[in-house]
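Please work through the exercises below with the sequence and the model at hand. Each task is followed by a solution in steps.

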Amino acid sequence: MNMDDYYRARGIDAGTAEILEIGRNNPEVAGWPKYLREAEFQQCDACKKLDFDELGSRKGYNLLGVGQKHHESWDHLKKAAEAGCHTCRLIHMVKLHDNPKNSAFKITNGLTHLRIEREHSSVNIHGEGTRAPKLAWSTLPDCPGDKLGNKKENGDITFRFVEDNPASDEAFSREKAWIRNCSSEHPYCRNNDNVLLPSRVLDLEEATSTGQVKLIESEGQLGKYIALSHCWGGVGGDNEEMWVLKPDQMEFYKLRSRRTRTCTTSNYEALKAGFSVSRIPRNFQDAITVATQLGIRYLWIDSFCIIQDSPDDWSHESLLMSEVYGNSFLTIYASAADNSDQGFLRRRDPERYLMTKLCPIPMCPEHWVWIRWPPSDLVWSFDDALGRLWDRSWAFQELVLPSRVLDYGRQMLNWRCNHQHIEESSKTFQVGGHDGYKELMWILSLPEVNSPPTSGEVPSHPTFAAYSDKISIYSRWYQLIEGFAGRQLTNELDKLPAISGLANKIQRIAGDVYMAGLWKKDIAAGLCWGARFNGALKRPSAYIAPSWSWASTQGFVTHQFEDERKFEIELVDFKLETEPLNPLGQVFSGSITICGPVRRFNPTQSTIHIKEEWDHEAEKLKPEVISDGKVEKHGGVYQYAMKNQKDVVDPLGSGICSLSMDFGSPTDVTELWLLKLAVRQAGEKPLKPNLDSIIPDGIILEKSSGGEEICRRIGVFGCSDAMADWIVGPQQHAALLGWGRKTITIV
């Protein structure tokens, strides 16, 4: 077992592990991290001279004029560290850490002294011919933002270090400041402070005084509430068993903890009568803590506010998800917890970094600039950094729908509202971007969008206006699907119900008919989905949706089409059998009948690949189409030479028809048909082949056993030309011919 696996198996934070490794490899400094945390602060003479303004000086274009002089050499710094200087101890420890994966080092040469340079949010220590450390610098939360942002001398201090304790008074003070700023400064974030409460909520009025809460039926009551988005599941189920030491006896016995996790028909009346906060999972206790700290009486948690063993109640309430999350005063996004028992207000390991003082802050000498290493929290993996909630399907619309979201992440707290995304490390409200998936709610807040409904173009958030001033509401939907489709579900039948709240919002804007994840007025573009990056999709074990819907697959999908593309199919009819209480949710069967151009395609011909060589005369790459001698996938697609098919025109012999299959291989299909959706304009330049993504010309069909003109969708196809950069006119364009207009039904 390597050391990373050793530390990870023991639940040790990645940053803590790196610091332990420094001590393991250099025993003489093993006790220094504790010294930095606990010993009375002291600095050597060189560090006492450090000046905030001089650290940021730029006196020349080389390192000799950057920052401020420090010790004469690394040896001098080491001696100061051994003598007890906190600042030098931290710098020396990081210098001992020679691990390039952390990008913590720079090579510098030609210096007569060490120099310390403050640059943006990092502090660089430059030294002769050595690998020199890069540290983060910032302020602590105790330094008020209004003392920094409004003074010229220190206006560039815009970041602060993150709280180790997300339930501290300072953390809650930060949250309240975010809320006040959003309520007063963001006209497109709904305040939702006196709205119709959901069907049921938890009443927290007595939570702090008696430790009791109760489930109430709102019956049309108005108020303000918080909603919780969380990962389900726990350590030991509803009747958790654990071994504990029996008092006064050296023996163990089983303790059965009957933790209340959900609302059911059997405990419904008991929950209404009231129950102890201590008997519910830690996540729910933490949500109650946040709500009471913020002064909000009502809390909505799906586990308790929906009767989980009642299909009728579940279907009815799932249809109202867009209202529940959309009307919440704010939503807690508990991404730090992977299950209900972990809790999202857990303290972060204070040993995951080294930190000490650097120099006083100008005009605010009672506060200091601090330095820390690693510059940002290290993680074992990207998935570990995000947490399971970011991979859960139900949690997607719970992030998009609310006007305000408090994201309790593993590394820090994030504020996400319709207007702005601010990280906990931000010192001011001016530092922050905007989340693309929150743009829909910003759009919905615009009066010109809400009335009357429109299926046309809608504005872009100012953050994205430089890329596109306007985009169709359907394109917005496809972008949301790209972020949603590959997320995980405990019950795969929940795929469409889990996004029905967002579908409800889009339907209000577009005034359109929703068809199992697609839209009637945009059906042709809606059919142009395929596996993202032409990756692999899986077939679900149960029926989720018709084959023409992206929801019929498991995996991430993309809609690769151009907005200006014209389509040439007619939707003749469609049939859907859906959940009566939530027609935007579960689908039991469905079909569409389409009239459009169809032709057969032979998938048993050899696929091809392209070899390029430099043409010195033309000064560009010249492609050559080479047969594979078999049917073989390249990247995520099967590339076929058009010249090997019937009814084609291919003057240069370089035309390609690429198939991206939803499942399996083209050779698995007895009879394969192409349904052309897009119309290519006369003289339109052909596309170059791309193994990573196909711009679909249409969808691939196989005949179903249900009848002569009944088919199933099995993929998308796109036409391109290997010689696209060499073609000089339409007379050289390759094309598939032999299309016949037919009316077919796709199930």
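Predicted model: local features only at pLDDT ≥ 70, side-chain atom pairs only at ≥ 80, totals over all residues.

Residues are numbered from 1 along each chain as its sequence is written, and side-chain values use heavy atoms, with hydrogens and water left out.

**Exercise 1.** State how many helices and strands the protein chain has.

Solution. The chain comes to 20 helices and 40 strands; helices (H or I, at least four residues) and strands (E, at least two) are DSSP runs, numbered from the N terminus. Of its 747 residues, 53% are buried, where buried means under 20% relative accessible area, exposed over 50% and partly exposed in between (1.4 Å probe, protein chains only).

**Exercise 2.** Determine where Leu77 lies and whether Leu77 is buried or exposed.

Solution. First, Leu77 belongs to helix H6, residues 74-82. Next, Leu77 counts as buried because its relative accessibility is 0%. Finally, beyond its neighbours within four places in sequence, Leu77 has contacts (heavy atoms within 4.5 Å) with His70, His71, Cys88, Ile91, His92 and Leu114.

**Exercise 3.** Describe how helix H15 and helix H19 are oriented to each other.

Solution. Two packed helices are described by the angle between their axes and the distance between the axes. Axes are lines fitted to C-alpha atoms, for helices over the stretch in contact, and angles run from 0 to 180 degrees between N-to-C directions. The axes of H15 (residues 393-400) and H19 (residues 500-510) come within 8 Å and cross at roughly 40 degrees. The two helices are therefore oblique to each other, since angles under 35 degrees count as roughly parallel, over 145 as roughly antiparallel, 65 to 115 as roughly perpendicular and the rest as oblique. Phe396, Gln397 and Val400 in H15 meet Ser500, Gly501 and Leu502 in H19.

**Exercise 4.** Identify which residues of strand E32 point each way.

Solution. In a regular strand the side chains alternate between the two faces of the sheet. In E32 (residues 638-641), Tyr638 and Tyr640 point one way, Gln639 and Ala641 the other way, and all are buried.

**Exercise 5.** Locate Ser403 and name the residues that Ser403 touches.

Solution. Ser403 is found in the loop between H15 and strand E18 (404-408). With a relative accessible area of 3%, Ser403 is buried. Not counting residues up to four places away in sequence, Ser403 touches Cys189, Arg190, Asn192, Arg416, Cys417, Asn418 and Lys438.
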